[in-house]
Amino acid sequence: MSKLMEAPVGEFVKTARSNDQGMCVQVARTADGGVTLRDSKNPTGPVLTFTGPEWDAHVNGVKDGEFDLN
């Protein structure tokens with residue numbers, strides 16, 4: 001099970017791919033089954049919020065290379 005699914009709703013966790021150099025993305029589950037994403041360097045800054053289906057589509061797109069710049 002992922003850190004995200006183990007964390008209480010609303011608690012931000014670092015993603016598994018984050019490093020210890022302060023360049024981290026944090027995610028939190030929302031009460032309605034969505035996901036909130038933020039930059040760990042700016043925890044009070046803007047966030048991206050996805051519904052459950054939007055998050056699934058985003059993750060699948062990343063895995064499929066949909067967002068690759070090359």
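User: What covers the buried residues of helix 2?

Analyst: The cover includes strand 2 (25–29), strand 3 and strand 4. The buried residues of helix 2 are G52, W55 and G61. Helices (H or I, at least four residues) and strands (E, at least two) are DSSP runs, numbered from the N terminus. This is a predicted model, in which local features need pLDDT of at least 70 and side-chain atom pairs count only at pLDDT 80 or more, while totals for chains, interfaces and linings use all residues. Residues are numbered from 1 along each chain as its sequence is written, and side-chain values use heavy atoms, with hydrogens and water left out.

User: Why does W55 count as buried?

Analyst: Buried means under 20% relative accessible area, exposed means over 50%, and partly exposed lies in between (1.4 Å probe, protein chains only). W55 has 17% relative accessibility, so W55 counts as buried. F50 is also at 17% and is buried.

User: How do you know what type of pair the rings of F50 and W55 form?

Analyst: The structure holds 1 aromatic pair. Its ring centres, those of F50 and W55, are 5.3 Å apart and the planes stand at 65°, so the pair is edge-to-face. Rings of Phe, Tyr and Trp (its six-membered ring) pair if their centres lie within 6.5 Å; planes under 30 degrees apart count as stacked, over 60 as edge-to-face, and the rest as tilted.

User: Which residues make up the largest nonpolar core?

Analyst: There are 8 residues in this core: L4, A7, V13, V27, V35, L37, F50 and W55. The term covers a set of buried Ala, Val, Leu, Ile, Met, Phe, Trp, Tyr and Cys residues joined through side-chain atoms within 4.5 Å. Not counting residues up to four places away in sequence, V13 touches K3, L4, A7, V25, Q26 and V27, where contact means heavy atoms within 4.5 Å.

User: What makes D39 and K41 a salt bridge?

Analyst: A salt bridge needs a side-chain nitrogen of Lys or Arg within 4 Å of a carboxyl oxygen of Asp or Glu. The closest N and O atoms of D39 and K41 are 3.3 Å apart, so the pair meets that limit. The count by this rule comes to 1 salt bridge.

User: Are D39 and K41 buried or exposed?

Analyst: D39, at 32% relative accessibility, is partly exposed. K41 has a relative accessible area of 56% and is exposed.

User: Why is T36 classed as buried?

Analyst: T36 has a relative accessible area of 12%, which puts this residue in the buried class. T36 belongs to strand 3 (residues 35–39). Leaving aside neighbours within four places in sequence, its contacts include F12, V27, V47 and L48.
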